[in-house]
Amino acid sequence: MKVTREKRDTTVLVSVAGSVDIYSSPELRGELKVALEQRAPRIVIDLEKVTFVDSSGLATLIEALQKVHEYQGKLVLCGLRAAVLSVFQLSNLDNLFEIRPDVPAALEG
Amino acid sequence: MAEAWRGIRVTIPSDVRYLGAIRTMVDEACTIAGLPEEDRGEVQLAVQEGCANVIRHCYKNQTGRPIDLRLTFRDDALEIHVDDYGTFVDPSRIQSRDLDDVRPGGLGVHLMRKLMDEVRYSKNAWGGTTLTLVKRLKKGGAKENA
């Protein structure tokens, strides 16, 4: 898995590539922790290049969403491939998260 | 004469670094079994969750303990057994969490049950738990594709 983090105005854009699983999710959690500690008003997580996500990956994202809500911030996911979106749907998480088709749409919202 | 067993057996240590390799192997096994593209990712995820549960809950994240995987190409299905050498866990205690109770964790069993046609737990010969996962072939079968 590869994770990059960049600041765009008041938004922190976290781009993820590869597999987000029990092995790699601690790295993603670490990157998100930085944005959460900065209390970024909006965090956008670009999952366009994510090919696989397991329950540990989902747990990492749920944890980040709950922490963002604690300070009334916003967390948006975008670019989910069909296979990844399907895992969210099976877990009833597609209604919990704000999901946008791509980064521009996520930055607009 | 009994038909020869058709399948793959592999043992990995209880280390999450090995799960990517297992997913690749499972993907290839799905091809041999004749499962369609859309089912392969589902089987990979179910096996991932099964192995991750063994590492986390059975072996308490202790590395170097064995996990045996047996993949059998049945005429009508791909059947996967995940064996651990821990303590047998009563299947009634292995439950999916309520999805309305939104919290990190607890989704692995739910996903396995959603993704596979059968999910069973039983006590194995070593006193540990065997997880059985079955994905049925929609039509045709392993014989046509193997």
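In this predicted model, 17 residues of chain A are in contact with 19 residues of chain B. On the chain A side of that contact, α2 and α3 each supply at least two residues, and α2(A) gives the largest share, six residues. Sorted by class, the side of chain A that touches chain B consists of nine nonpolar, five polar and three charged residues.

**The sheet of chain A**

- Chain A holds an open sheet of five strands in the order β1-β2-β3-β4-β5, and its pairing is mixed.
- At the edges stand β1 (2-8) and β5 (98-100) of chain A, each of which pairs on one side only.
- From one strand to the next, the twist of this sheet averages 25°.
- β1(A) runs antiparallel to strand β2 (residues 11-20) of chain A, and seven bridges join the two; within this pair, A:Lys7 has A:Val12 in β2(A) as its bridge partner.
- The pairing of β3(A) with β4(A) is parallel and extends over five bridges, with A:Ile45 standing opposite A:Leu77 in β4(A).
- Four of the five residues of β4(A) are buried, which leaves this strand mostly covered.
- Helix α2(A) lies across β2, β3 (42-53) and β4 (74-78) of chain A, and it runs at about 150° to β4(A).

**Helix α3 of chain A**

- The residues A:Val84, A:Val87 and A:Phe88 of α3(A) are buried.
- Viewed down the axis of α3(A), these buried residues fall within an arc of 100°, so they line one face of the helix.
- An α-helix has 3.6 residues a turn, so residues three or four places apart point the same way.
- The cover over the buried residues of α3(A) includes β3 and α2 of chain A, together with α2 of chain B.
- A:Ser86 also lies in helix α3 of chain A; because A:Ser86 has 19 C-beta neighbours inside 10 Å, and burial calls for 20 or more, this residue counts as partly exposed.
- A:Ser86 and A:Gln38 are 48 residues apart along the chain, and their C-alpha atoms are separated by 31 Å.
- Just after α3(A), A:Asn92 adopts a positive phi of about 60°.

**Chain B: overall make-up**

- Four helices and five strands are found in chain B, and from the N terminus on its elements run β-α-α-β-β-α-β-β-α.
- Of the 146 residues in chain B, 36% are buried.
- Among contacts in chain B between residues at least 6 apart in sequence, those that join residues at least 24 apart make up 69%.

**The sheet of chain B**

- The five strands of chain B form an open sheet in the order β1-β2-β3-β5-β4, with antiparallel pairing.
- The edge positions belong to β1 (7-13) and β4 (118-123) of chain B; each has a single partner strand, so one side of each is left without a neighbour in the sheet.
- The twist in this sheet averages 15° from one strand to the next.
- Strand β2 (residues 66-73) and strand β3 (residues 77-83) of chain B run antiparallel and are joined by six bridges; B:Asp68 has B:Asp83 in β3(B) as its bridge partner.

**Helix α3 of chain B**

- In helix α3 (residues 108-115) of chain B, the buried residues are B:Gly108, B:Leu111, B:Met112 and B:Leu115.
- Seen down the axis of α3(B), these residues fall within an arc of 100°, so they line one face of the helix.
- Elements of both chains take part in covering them, including α2 (55-70) and α3 (82-90) of chain A as well as α2 (37-58), β4 and β5 (129-136) of chain B.

**The largest nonpolar core**

- The largest nonpolar core has 67 residues, of which A:Val14, A:Ile43, A:Leu47, B:Ala46, B:Cys51, B:Leu78 and B:Leu133 touch the most other members.
- α2(B) contributes the largest share of this core, eight residues.
- Leaving aside residues up to four places away in sequence, B:Leu78 touches B:Ala29, B:Cys30, B:Ala33, B:Leu35, B:Val43, B:Leu71, B:Phe73 and B:Lys135.

Technical notes: Residues numbered from 1 in each chain as written. Chains lettered and ligands numbered in written order. Predicted model: local features only at pLDDT ≥ 70, side-chain atom pairs only at ≥ 80, totals over all residues. Pairing = 2+ DSSP bridges. Axes fitted to C-alpha atoms, helices over the stretch in contact; angles between N-to-C directions. Buried ≥ 20, exposed ≤ 12 C-beta atoms within 10 Å, placed from the backbone. Arc of directions from axis to C-beta. Contact = placed C-beta atoms within 7 Å. Nonpolar A, V, L, I, M, F, W, Y, C, P; charged D, E, K, R; others polar. Core = buried A, V, L, I, M, F, W, Y, C linked by C-beta atoms within 7 Å.
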